[in-house]
Amino acid sequence: NIIKLIDKLYEENLLNKNEILYILDNIKSYEVDYLCEKAVATRKKFYDNKVYMRGLIEFTNYCKNDCYYCGIRCSNKNISRYRLSLEQIMECADLGYKLGYRTFVLQGGEDNYFTDDKIVEIIKSIKYKYDDCAITLSIGEKSYDSYKKFFHAGADRYLLRHETATEEHYKKLHPKNLRLSNRINCLRDLKEIGYQVGAGLMVDSPYQTNENIAEDLIFLKDLNPEMVGIGPFIPHHDTIFKDEPTGSLEKSIIVLALTRLLLPSVLLPATTALGTINPKGREAGLNAGCNVVMPNLSPTDVRSKYALYDNKICMGDEAAECRNCIEKRINMAGFVLDTSIGDNINWHSPL
Ligand code: 5AD
Ligand code: FES
C-alpha cells in the first residue's frame with residue numbers, strides 16, 4: 001500500500017526500484033498530498049523554512065550540441081544568438097550582489113568561443129570581487145582537466161543534469177554523438193574534483209516511462225548529488241519535439257517529493273519550468289520539498305533569446321522585479337527567503 005511505502009521512505013530514505021515504480025504507477029491525489037507533507041517535513045529537519053536564492057546568468061545561447069528537446073540546439077536557425085562580454089557578466093553580478101544574491105549560476109550552451117581561459121577569467125573576476133559568493137557552473141560536458149581548472153579558479157558547484165539514466169531513453173532525446181556514459185563520467189569527475197554537484201531530469205520528456213523515472217531516482221540515490229534539478233518537459237516550437245505534450249505538474253510534484261525523501265538534505269530548486277506550466281507551479285514545488293529558487297539575472301534584452309522551451313516566464317522582467325516577486329511568492333507559501341551562500345547542509349569542502 002502506498003501510504004506504507006511513503007512512511008517507509010520517510011523513515012529510511014530508501015526504496016527499491018519496484019517500490020518507486022509502484023508509487024509512480026498507482027499514487028492517488030490524496031496520497032500525493034501525504035507524500036508532499038512528508039517531503040516538507042524532511043526539508044524542514046535540515047533547512048527549516050528557508051529557501052535559498054541563486055542568480056542565474058545565461059551568458060551564451062550558442063551551443064554546439066543538438067539535443068532534440070532544447071530550443072538553443074545548434075540546428076535551430078531561427079533564434080538570434082548572443083554572448084555576454086565579461087563586462088556584461090560583471091554588471092549582472094554587481095546588480096545581483098546588490099539584490100542580495102550570494103550564488104551566481106553561470107549557465108550557457110556548449111560554446112567553444114568560451115575557451116577554458118575565458119571561463120577561468122570570468123570565474124576569477126567574480127570571485128575576486130565577491131569572495132563571499134559561490135559560483136555554480138552549468139556549461140555542459142568538459143574534460144576532467146577543464147573541470148579542474150575551473151575548480152581551481154574558484155568555481156564551487158556544477159549543474160549537469162543527467163537527463164535520463166536509461167541508455168535507450170537517452171538515445172531518443174539526443175543525437176548519436178552524445179552518450180549517457182560520457183555524462184555519467186562527467187558527473188563522477190566533478191565529484192572527484194570536489195565540486196558540489198547537481199544532476200537531474202525532465203519529467204514527461206518524450207518517450208519517458210515510469211520505469212525510466214524509477215531508474216532516474218535510483219541513479220540519483222546512488223550518485224548522491226548535493227543538488228538535483230527537476231522540471232517538466234515543455235515543447236519548443238523550433239524542435240522536433242514541438243508537438244509533444246507538456247509535462248504534468250502533478251507528476252513533476254511527485255518526482256520532486258520522492259527526490260526530497262530519497263536525498264533528505266538535497267538542494268532542490270522549484271524550477272522556472274515548473275513556474276512556466278502553472279502560475280503557482282513554483283509554490284507547488286516549495287510545498288513538495290523544494291528549497292531553492294533561481295531567478296534570472298540576465299540582461300532583459302537577451303532574456304527571450306535564451307529560450308530552451310516556449311512561454312518561459314519572466315522574459316520581460318528586470319532582475320529586481322524577479323527578486324521581489326520571488327520573495328513575495330516564497331512568503332505567501334509560508335517560507336522565508338534566505339540570502340546566505342546556501343551550501344548543502346551536509347557539505348564539507350574537501351579543501
Ligand atoms: N523543457 C524543459 N526543460 C528543458 N531543458 C532543456 N530543454 C528543455 C525543455 N524543452 C532542461 C534540460 C537541461 C536544462 C538546462 O534545461 O534538462 O539540462
Ligand atoms: Fe521573475 Fe516572478 S520571478 S517575475
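Reader: So at what angle do H9 and H10 pack, and how far apart are their axes?

Author: Bear in mind that this is a predicted model. In it, H9 (residues 210–223) packs against H10 (residues 249–262) at about 25°, and the axes are 10 Å apart. Angles under 35 degrees count as roughly parallel, so H9 is roughly parallel to H10.

Reader: Which hand is the crossing of H9 and H10?

Author: Right-handed: that is how H9 passes H10.

Reader: And which residues meet there, between H9 and H10?

Author: H9 brings Asn210, Ile213, Leu217 and Lys221, and they meet Lys251, Val255, Leu258, Thr259 and Leu262 in H10. By class, the contact of H9 with H10 holds five nonpolar, two polar and two charged residues.

Reader: What about H3 and H10, at what angle do they cross?

Author: Roughly 40°, with the axes of H3 (residues 29–47) and H10 coming within 9 Å. That makes H3 oblique to H10. H3 passes H10 in a left-handed crossing.

Reader: OK, which residues in H3 meet H10?

Author: Ser29, Val32, Leu35, Cys36, Lys38, Ala39, Thr42, Arg43 and Tyr47 do. On the H10 side, the residues they meet include Glu250, Ile253, Ala257 and Leu258. The contact of H3 with H10 has 10 nonpolar, two polar and four charged residues.

Reader: Switching to the core: how many residues are in the largest nonpolar one, and which touch the most other members?

Author: There are 103 residues in it, and Phe59, Leu106, Ile126, Leu137, Phe150, Tyr195 and Leu258 touch the most other members. H10 supplies the largest share of this core, eight residues. Apart from it lies another core of eight residues, with Tyr52, Met227, Leu267 and Val292 among them.

Reader: What is Ile126 in contact with, leaving aside its neighbours within four places in sequence?

Author: With that exclusion, Ile126 is in contact with Ile89, Met90, Phe104, Leu106 and Ile135.

Reader: Last topic: where is Arg161 found?

Author: In the loop between strand E5 (157–159) and helix H7 (167–173).

Reader: And what does Arg161 count as at 28% relative accessibility?

Author: Arg161 counts as partly exposed, because 28% falls between the cut-offs of 20% for buried and 50% for exposed.

Reader: Which residues is Arg161 in contact with, beyond four places in sequence?

Author: Among them are Arg183, Gly198, Met202, Gly229, Ile230 and Thr271. As for Ile326, 165 residues away along the chain, its C-alpha atom is separated from that of Arg161 by 24 Å.

Definitions and conventions: Residues are numbered from 1 along each chain as its sequence is written. Chains are lettered from A and ligands numbered from 1 in the order in which they are written. This is a predicted model: local features need pLDDT of at least 70, side-chain atom pairs count only at pLDDT 80 or more; totals for chains, interfaces and linings use all residues. Side-chain values use heavy atoms; hydrogens and water are left out. Axes are lines fitted to C-alpha atoms, for helices over the stretch in contact, and angles run from 0 to 180 degrees between N-to-C directions. Helices (H or I, at least four residues) and strands (E, at least two) are DSSP runs, numbered from the N terminus. Angles under 35 degrees count as roughly parallel, over 145 as roughly antiparallel, 65 to 115 as roughly perpendicular and the rest as oblique. A crossing is left-handed if the near helix is turned anticlockwise from the far one by less than a right angle, and right-handed if clockwise. Contact means heavy atoms within 4.5 Å. Ala, Val, Leu, Ile, Met, Phe, Trp, Tyr, Cys and Pro count as nonpolar, Asp, Glu, Lys and Arg as charged, and the others, Gly among them, as polar. A nonpolar core is a set of buried Ala, Val, Leu, Ile, Met, Phe, Trp, Tyr and Cys residues joined through side-chain atoms within 4.5 Å. Buried means under 20% relative accessible area, exposed over 50%, partly exposed in between (1.4 Å probe, protein chains only).
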